[in-house]
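Trainee: I would like a close look at one part of this protein. Please take it slowly.

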Amino acid sequence: MGQPWRYLMMAAGWVCVAIGVVGVILPGIPGTLFLIIAAWLFARSSPRFEQWLVTHPKLGPEVVKWRASGAIAPRVKAIALASMALSWGIVWLTAPPIAVVVSGLCLAASALYVGTRPSS
């Protein structure tokens with residue numbers, strides 16, 4: 001991988017960390033998902049930042065759990081599924097039919113994935 005890609009992935013990793021931190025503070029934003037993505041990006045661009053993230057006392061434990069077992073905490077799973085349902089409800093009320101169908105299919109696939117992950 002070339003140097004520009006490495007820097008781009010590192011920058012994207014930091015954007016994901018920022019969104020993840022906001023998600024840890026605010027309900028409704030999937031903070032853990034963005035931290036998992038950040039760890040993946042850092043693993044390919046900066047092992048030092050990856051190590052920092054996975055050993056961070058507040059941000060790292062969920063990433064480590066995900067890597068170990070692919071498990072999602074029951075509370076997090078419930079919030080994710082409820083957020084998806086709420087999002088689709090808003091789309092259903094406000095968007096044209098094609099958007100309702102397409103977003104419904106995407107959210108259904110996402111909900112199936114989240115729902116079938118083991119609980120931690």
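Trainee: What volume does the largest pocket have?

Mentor: The largest pocket has a volume of about 890 Å³. The model is predicted, so local features need pLDDT of at least 70 and side-chain atom pairs count only at pLDDT 80 or more, while totals for chains, interfaces and linings use all residues. Residues are numbered from 1 along each chain as its sequence is written, and side-chain values use heavy atoms, with hydrogens and water left out.

A pocket here is an open set of points on a 1 Å grid over the protein atoms alone, where a 1.4 Å probe fits, with protein on both sides within 12 Å along at least five of seven lines. A lining residue has an atom within 4 Å of a point, and the volume is the space filled by probe spheres set on the points.

Of the 32 lining residues, P30, G31, T32, L33 and V76 are the closest to the centre of the largest pocket. Two or more lining residues come from each of α1, α2, α4 (60–69), α5 (74–94) and α6 (97–116); helices are DSSP runs of H or I, at least four residues, numbered from the N terminus. The largest share, eight residues, is from α5. By type, the lining of this pocket has 21 nonpolar, seven polar and four charged residues, where Gly counts as polar.

As for the setting, the protein has six helices and zero strands. Its C-alpha trace spans about 45 × 35 × 25 Å along the principal axes.
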